[in-house]
Amino acid sequence: MSWSWRLGRLAGIPIEMHWTFLVLIVWLVIGHTVEGHDVATTLAGVGFVMALFGCVVLHELGHALAARRYGVTTTKITLLPIGGVAQLGRIPEKPVQELIIALAGPAVNAVIVAGLWIGGVRLTGGGDPRFLIQGAFLPRIMVANAFLGLFNLIPAFPMDGGRVLRALLALRYDYVQATATAATVGQMSAIGFGLLGLSVGNPFLLFIAIFVWIAAGAEAAQVQERRLMHGARARDAMLTDYQTLRPFDTLERAADALVAGTQHDFPVEADDGRFVGLLTREALVGGLSRSGGDARIADFMTEKPLAIAADAPLATAIERLRDRQERCLEVVDQGKRVGIIDLENVGEFVMIRAALATGFEPRTSPRPDNAKPLPLAS
Ligand SMILES: [Zn+2]
């Protein structure tokens, strides 16, 4: 479950709101109430935050549309209380592309600031910047956008500034090491945010500190993993010894298979050998508790696994499994099934490669041409 609500689509990209966003609104309303503000002031406060998050959506859209220029799709944009996240299908390994995608978000804020500034100066009869300090709605939005753009440029990977730093480092150094360095700088910034948040009593800075800390470590690990998978194909990590079930088998038979082996999800195979569905462990357990062991698998299976070519890069298989949240894929070679693959296989495959790689450097690296060891790398 993703704990997010779909608000709609912009430029074809789903915009979602995480449930914790409601906590922010409730927190705001309580804050205003505690301070004895009337309804109008409270609504204005909430309206300001909503307008600000409208700007956050535009910021993320800036990233997404820049990414689209390089053929990178954006799965969705999620609004969190600490800001927005544009989930890109992949991160381009060409540093210049990442640089432009990272800068596109803050650039949107700069455009908003410039637009409001020019509009504000016009409205006040030209050349009078005093409209800024009147505390009105649009000036506050302008200042907040300036803050948003600049804040995001702090080199706290994986915030925009951190991505800029990684891209700049990757222009000169090996990609994995550039990421490791950017992640280290990011985690140091996270400590800074955390200390600042504690000393001024700002919970949002603490949230951001935790987010940056976790996300920086996760992305560094992911890049490391990608290096370990470099050159690997779907067939290298596929499972060839697996069990399938039939649509008219009973859930009891599926339960036996679940207990007897280590497999969690079972492809459901028709008489002609084609996959027609997938029985996940959750569906099986749910079906057993609702309908008992005599129920048919066909009533509880989900959609059939998507197919992937055996020679497709393993990274593509992972992208589908992880980002599109597919449970398992059917690996086919010349129209014939040769195996299945799920994240558990991939994890084992990466573990084995990591174990092999600790003894010696992998011969291949994503960018070996101009790679130099990086002195700062952790
Ligand atoms: Zn951004």
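Modeller: Start with axes: they are lines fitted to C-alpha atoms, for helices over the stretch in contact, and angles run from 0 to 180 degrees between N-to-C directions. Helices (H or I, at least four residues) and strands (E, at least two) are DSSP runs, numbered from the N terminus. This is a predicted model, in which local features need pLDDT of at least 70, side-chain atom pairs count only at pLDDT 80 or more, and totals for chains, interfaces and linings use all residues. Residues are numbered from 1 along each chain as its sequence is written.

Biologist: At what angle do helix H6 and helix H7 pack, and how far apart are their axes?

Modeller: Two packed helices are described by the angle between their axes and the distance between the axes. For H6 (residues 175–200) and H7 (residues 203–228) the angle is about 165°, and the axes are 8 Å apart. H6 is therefore roughly antiparallel to H7; angles under 35 degrees count as roughly parallel, over 145 as roughly antiparallel, 65 to 115 as roughly perpendicular and the rest as oblique. Their crossing is left-handed, a term used if the near helix is turned anticlockwise from the far one by less than a right angle, with right-handed for clockwise. By class, the H6 and H7 contact has 18 nonpolar, eight polar and two charged residues. Ala, Val, Leu, Ile, Met, Phe, Trp, Tyr, Cys and Pro count as nonpolar, Asp, Glu, Lys and Arg as charged, and the others, Gly among them, as polar.

Biologist: Which residues make the contact between H1 and H2?

Modeller: First the geometry: the axes of H1 (residues 20–34) and H2 (residues 39–69) come within 9 Å and cross at roughly 150°, so the two helices are roughly antiparallel to each other. The crossing is right-handed. H1 contributes Ile25, Leu28, Val29, His32 and Thr33, and H2 contributes Thr41, Thr42, Gly45, Val46 and Val49. Contact here means that the C-beta atoms of two residues, placed from the backbone, lie within 7 Å. The classes are five nonpolar, five polar and no charged residues.

Biologist: In what order do the strands of the open sheet run?

Modeller: Two strands pair if DSSP finds at least two bridges between them. Three strands form this sheet, in the order E7-E8-E9, with mixed pairing. E7 (306–309) and E9 stand at the edges with a single partner strand each, so one side of each has no neighbour in the sheet. Helix H10 (residues 314–323) packs on the sheet and touches E7, E8 and E9; its direction makes about 165° with that of E7. E8 and E9 pair in the antiparallel sense over five bridges. Leu329 has Ile341 of E9 as its bridge partner, and Val331 stands opposite Gly339 in E9.

Biologist: Where does Gln334 lie, and is Gln334 buried or exposed?

Modeller: Most residues other than glycine have a negative phi, and most peptide bonds are trans. Gln334 lies in the loop between E8 (329–333) and E9 (336–341). In that hairpin, with two residues between the strands, Gln334 takes a positive phi near 50°. Gln334 counts as exposed because it has 7 C-beta neighbours inside 10 Å; a residue is buried if 20 or more other C-beta atoms lie within 10 Å of its own, exposed if 12 or fewer, and partly exposed in between, with C-beta atoms placed from the backbone.
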